[in-house]
Amino acid sequence: MAGNDAITVYVDGAAKGNPGPAGIGVRLELEGVVLCEQSEYIGNATNNVAEYKALIYALEIARRYRITRVIALSDSELMVRQLNGEYKVKNEKLLPLYRSARDLAGNFEEFRIRHVSRAENKHADRLANQGIKIGMKRKS
């Protein structure tokens, strides 16, 4: 894959109970073509922790693809505004995740993150909820 191509990364995290059983969903697209979809169960977490973990997971995948330009889309206004420097990270549990996401983002020639509606992020939302279901099946 050409290193100069920009990928669009859709990320979402979900938690049932907040905190509770949590999952992440990640979808990477290049010019409308799906490169990868992933669902993962991440154990008990808050929704905000799950959102950050989804982004971190997606950025790690993008690095493996040797992508240099990433446009990340998320329906987490908090995470997007924190990463864009509009909000400070006040929650101590989010700080290491914020730093990790910021550090990973710094590995790309270009990284942008933008807030989108839940409807625009439906694939990642579906994958995040699928991640929770995976974890619930393991427990039963």
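Reader: Which residues have the most contacts inside the largest nonpolar core?
Author: In this predicted model, those residues are I7, V11, L28, Y52, L55, V70 and L83. The core itself has 37 residues.

Reader: Which elements give two or more residues to this core?
Author: The strands on that list are β1 (6-15), β2 (20-30), β3 (33-45) and β4 (69-74). The helices on it are α1 (47-64), α2 (77-83) and α3 (95-105).

Reader: And where does the largest share come from?
Author: Helix α1 supplies the largest share, with ten residues.

Reader: Back to I7: what is it in contact with, leaving aside neighbours within four places in sequence?
Author: Its partners are L28, E29, L30, L35, A62, I67, R69, V70 and I71. Two of these, L28 and V70, are also listed among the core residues with the most contacts.

Reader: In what order do the elements of the protein chain run?
Author: From the N terminus, the order is β-β-β-α-β-α-α-β-α. The chain has four helices and five strands.

Reader: What share of contacts joins residues at least 24 apart?
Author: That share is 71%, counted among contacts between residues at least 6 apart in sequence.

Reader: What radius of gyration does the chain have?
Author: The value is 14 Å, which agrees with a compact globule, because 140 residues in such a globule would give a radius near 14 Å. Along the principal axes, the C-alpha trace spans about 45 × 35 × 25 Å.

Reader: How many charged side chains are positive, and how many negative?
Author: There are 22 positive and 17 negative side chains, with the centres of the two sets 6 Å apart.

Key. Residues numbered from 1 in each chain as written. Predicted model: local features only at pLDDT ≥ 70, side-chain atom pairs only at ≥ 80, totals over all residues. Heavy atoms only, no water. Rg over C-alpha atoms; globule rule 2.2 N^0.38 Å. Contact = heavy atoms within 4.5 Å. Lys, Arg positive; Asp, Glu negative; His and termini not counted. Charge placed at Lys NZ, Arg CZ, Asp CG, Glu CD. Core = buried A, V, L, I, M, F, W, Y, C linked by side-chain atoms within 4.5 Å. Buried < 20%, exposed > 50% of the residue type's maximum accessible area, 1.4 Å probe, protein only.
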